[in-house]
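Dear colleague,

I am handing over the structure below, followed by some notes on what was found in it. Please read them alongside the coordinates.

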Amino acid sequence: MILAFSACNDDEKEQAVKEVKKEVPPPVKKEYGFVLNDFEVVKDTIESGDSFGFIMDQNGVGHGKVYEISNKVKDTFNPARITAGKKYMILKAKDSARTPQYFIYEDDKINYTVVALGDSIYAEKKKRPVTIKKREVSGVITSSLSEAIQAQGLSNLLVYELSNIYQWSIDFFKLQKGDQFKMVYREKYIDDTIFAGIEKVDAAVFKHSDEPYYAFRYLNDTISGQPSFYDAEAKALQSFFLKAPLNYSRISSRYTKRRFHPVQKRWKAHLGTDYAAPYGTPIVSTANGTVIASSYTSGNGNYVKVRHNSKYTTQYLHMTKRNVRNGQTVRQGDVIGYVGSTGLATGPHVCYRFWVNGRQVDPYRQNLPSAKHIEEELKDEYFAYIKPLKEELEQIPYKNI
């Protein structure tokens, strides 16, 4: 038997490796439903002062074409409302003219708009695929709720979620060292890796001053389709009115029949409660209602007045900007404006005023109504629903200092 061997030199080996490399195609890059390999890609962020026309002009789209695009897509996408800080992408054809084919605008991490710029002009609202992951967390207060959340490397959105759930039952400015909490909640992820926010909180318990406050998300109002939080006894955590029109503030001046006015320099009644907060802090309606005034006066500055029913009305003064119009319906927690110092004000705050049957009163001295509890005949169904959630909470160990 004769065995034949062939040998190749180093140059031949190097050539063979090169041939193999040539045969391996580049990895396919996909984003927003497009294969990016097929285009010349421009990625950027909208800067202050940028307009859709300016961006298009910088990428070879003439004024006439921009006008045509704007008119055809205005019902889906308003080019005049692009916002500084938002990301965008332009996909150009791989031809000698590098003709722009698509403009993609990120409304947020999940939602985006695709504007087709070619012969067929249109705009489509789309969403990135989102996966939901269930999480459990336990924490202990050493100084503040924010510190307790951040110490575990968790999203600050959990601070908002907890304060929103318990805003009627726990004063978060009076938390004590050693207070504990546990939560079962769900997070949203894009492409299974990019955190995109909190989807919802299923259940929570906050032990404040050694008393556990349970909260379970439950759909009791099938007409509105809006779930609320209820405790272990089927009582609503929500109150008819929020305790304050904004979060993380301090009361700088209370309702009083006699106060020295810091601007007018004289003693007079102060028939409202002042909450000091930084400029631009969102101001929310403390209950559902209808806006009966959204205006400006020299004393009130920018202000909003909301009628909640035939008995209760509230007013919010000194805004830097109003966010609602006269006649608009608002829900409890909707942002109606932002903290400022317009009118007779020495610094950024909101003056919160409260009327009962047409008479201004101190809201802190009122016996205000609570939200509707679960009806007696529906309690068994509710208790069956929360039983596994409560058991899940019990199995999560409390963190200790």
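How many bridges join strand β10 to strand β11? Six bridges join β10 (residues 194-208) to β11 (residues 211-221), and the two run antiparallel; strands here are DSSP E runs of at least two residues, and helices H or I runs of at least four, numbered from the N terminus. This is a predicted model, in which local features need pLDDT of at least 70 and side-chain atom pairs count only at pLDDT 80 or more, while totals for chains, interfaces and linings use all residues. Residues are numbered from 1 along each chain as its sequence is written, and side-chain values use heavy atoms, leaving out hydrogens and water.

The sheet is open, with five strands in the order β8-β9-β10-β11-β12 and antiparallel pairing, where two strands pair if DSSP finds at least two bridges between them. Its edge strands, β8 (130-140) and β12 (226-230), each pair on one side only.

As for the side chains, the structure holds 13 salt bridges, a term that requires a Lys or Arg side-chain nitrogen within 4 Å of a carboxyl oxygen of Asp or Glu. In one of them, arginine 128 meets glutamate 31, with the closest N and O atoms 3.2 Å apart. Because arginine 128 lies in the loop between β7 (121-127) and β8, and glutamate 31 in strand β1 (residues 30-31), the pair ties together parts that are 97 residues apart in sequence. Glu31 and Arg128 also belong to a network of salt bridges that includes Lys43 and Glu106.
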